[in-house]
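Hello,

Here is the structure I promised to pass on. Please open it first, then read my notes below.

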Amino acid sequence: MRENKHHVPETVERLLDSTLESVESAEELALSVAQRAGFDDDDLMKIGMAVRESMVNAVVHGNRYSAHKKVRFSATHHDGRFAVRIADEGEGFDFAGLPDPLAAENLMRTSGRGIFLIRSFMDEFQMRHLEPVGTEVTLVKYTVSK
Amino acid sequence: MSVKLNTRQVGDVTVVDVAGRITLGEGSSALRDTMRELVGKGQKKILLNLGDVTYIDSSGIGELVSGFTTVTNSGGQLKLLGLNKRVKDLLQITKLYTVFDVHEDEGGAIRSF
């Protein structure tokens with residue numbers, strides 16, 4: 001792991017359009033903060049993928065590419081804790097109803113692996129419904145193993 | 001860079017050289033269109049060379065699965081060549097590594113059909 005020489009807390013916040021370009025932007029922003037936080041290349045790959053999958057969920061499934069709906073994005077590094085928060089304005093979904101992509105009956109499905117990958121790559125992952133509408137996810141990775 | 005696809009024939013095996021990013025949007029769509037075109041032409045032996053794939057997301061994984069199903073259902077075979085660590089790790093995490101016939105060298109892959 002690269003030595004973390006940057007002890008200055010950092011927060012980046014953006015209000016993004018519901019487009020695939022925003023997915024790219026958010027991934028780049030998250031990686032820039034994560035790189036300064038001192039993550040190595042392997043962790044940077046995992047963080048990038050987790051952020052990408054979360055943004056795709058927000059843009060495609062939450063906001064359905066609507067020009068009238070935004071995605072709130074933030075990336076924060078403080079005291080060894082790197083966190084990304086992504087919120088959409090969609091109708092929400094049943095968190096408990098997500099199919100297991102590793103189950104035999106789901107293995108050959110062409111979709112449904114995003115959240116599984118996020119959980120695999122990050123140390124913590126939380127989802128919550130927003131009022132009156134929307135879903136917010138929080139992805140956390142620590143620069144030092146907890 | 002998005003994705004670049006180059007199709008070539010080695011005997012009766014169609015090799016698709018994939019380079020770049022297989023992600024939601026242009027990348028995954030291009031791969032899907034190529035696979036459908038090959039199956040539509042009746043190609044039964046298809047080898048996806050992923051040696052120059054720099055990035056793949058869950059949509060890209062989905063297209064690999066879709067391609068496998070489409071080719072298999074048409075009576076053909078789809079195999080993978082040259083997985084880098086990122087792609088290999090993703091296929092292993094998602095329990096798909098053993099679904100595909102994966103090869104390290106092209107000669108061996110061609111002979112395996």
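**Notes on the loops, helices and cores**

A:Arg64 sits in the loop that runs between helix 2 and strand 2 of chain A. Keep in mind that this is a predicted model. A:Arg64 is not a glycine, yet its phi is positive, at about 50 degrees. Is A:Arg64 buried, exposed or partly exposed? A:Arg64 has 13 C-beta neighbours inside 10 Å, so it counts as partly exposed. The cut-off for exposed is 12 or fewer.

A second residue has a positive phi. A:Asp79, also not a glycine, has a phi of about 55 degrees. Look for A:Asp79 in the loop between strand 2 and strand 3 of chain A. A:Asp79 has 8 C-beta neighbours inside 10 Å and therefore counts as exposed.

One more loop deserves a look. The loop between strand 4 (124-129) and strand 5 of chain A holds A:Pro132. The peptide bond leading from A:Glu131 into A:Pro132 is cis, and its omega is near 0 degrees.

**Helix 2 of chain A and its partners**

Start with helix 1. The axes of helix 1 and helix 2 of chain A cross at roughly 150 degrees and come within 9 Å. Angles over 145 degrees count as roughly antiparallel, so helix 1 of chain A is roughly antiparallel to helix 2 of chain A. Their crossing is right-handed. From helix 1 of chain A, the residues that meet helix 2 include A:Val23, A:Ala26, A:Ala30, A:Leu31 and A:Ala34. Helix 2 of chain A answers with residues including A:Ile47, A:Gly48, A:Val51, A:Met55 and A:Val59. By class, this contact has 12 nonpolar, 3 polar and 2 charged residues.

A:Ile47 belongs to helix 2 of chain A. A:Ile47 counts as buried because it has 25 C-beta neighbours inside 10 Å. Which residues does A:Ile47 touch, not counting residues up to four places away in sequence? They are A:Ala30, A:Leu31, A:Ala34, A:Phe39 and A:Lys141. A:Glu27 is 20 residues from A:Ile47 in sequence, and their C-alpha atoms are 8.4 Å apart.

Now helix 3. Helix 2 and helix 3 of chain A pack with their axes 9 Å apart, at an angle of about 150 degrees. Helix 2 of chain A is therefore roughly antiparallel to helix 3 of chain A. Helix 2 of chain A passes helix 3 of chain A in a left-handed crossing. On helix 2 of chain A, the contact uses A:Lys46, A:Met49, A:Ala50, A:Glu53, A:Ser54, A:Val56 and A:Asn57. On helix 3 of chain A, it uses A:Gly114, A:Leu117, A:Ile118 and A:Phe121. The contact of helix 2 with helix 3 of chain A divides into 6 nonpolar, 3 polar and 2 charged residues.

**Two nonpolar cores**

The largest nonpolar core has 30 residues. A:Ala30, A:Ala50, A:Val51, A:Met55, A:Val71 and A:Ile86 have the most contacts inside it. Helix 1 (20-37), helix 2, strand 2 (70-78), strand 3 (81-87), helix 3 and strand 5 (135-142) of chain A each supply at least two of its residues. Which element gives the largest share of this core? Helix 2 of chain A does, with 8 residues. Leaving aside neighbours within four places in sequence, A:Ala50 is in contact with A:Leu117, A:Ile118, A:Phe121, A:Met122 and A:Leu139.

B:Leu78 lies in strand 4 (residues 77-81) of chain B. B:Leu78 is buried, because 25 other C-beta atoms lie within 10 Å. Beyond its neighbours within four places in sequence, B:Leu78 is in contact with B:Ile46, B:Leu48, B:Gly67, B:Phe68, B:Val71 and B:Thr72. B:Phe113 is 35 residues from B:Leu78 along the chain, and 9.2 Å separates their C-alpha atoms.

**Where the chains meet**

On chain A, 16 residues are in contact with 13 residues of chain B. Helix 2 (41-62) and helix 3 (114-121) of chain A each give two or more residues to the side of chain A that touches chain B. Helix 2 of chain A gives the most, with 5 residues. That side of chain A has 9 nonpolar, 4 polar and 3 charged residues.

Best wishes

How values were computed
Residues numbered from 1 in each chain as written. Chains lettered and ligands numbered in written order. Predicted model: local features only at pLDDT ≥ 70, side-chain atom pairs only at ≥ 80, totals over all residues. Contact = placed C-beta atoms within 7 Å. Helix = DSSP H or I, 4+ residues; strand = E, 2+ residues; numbered from the N terminus. Nonpolar A, V, L, I, M, F, W, Y, C, P; charged D, E, K, R; others polar. Core = buried A, V, L, I, M, F, W, Y, C linked by C-beta atoms within 7 Å. Buried ≥ 20, exposed ≤ 12 C-beta atoms within 10 Å, placed from the backbone. Axes fitted to C-alpha atoms, helices over the stretch in contact; angles between N-to-C directions. Parallel < 35°, antiparallel > 145°, perpendicular 65-115°, else oblique. Left-handed = near helix turned anticlockwise from the far one by under 90°.
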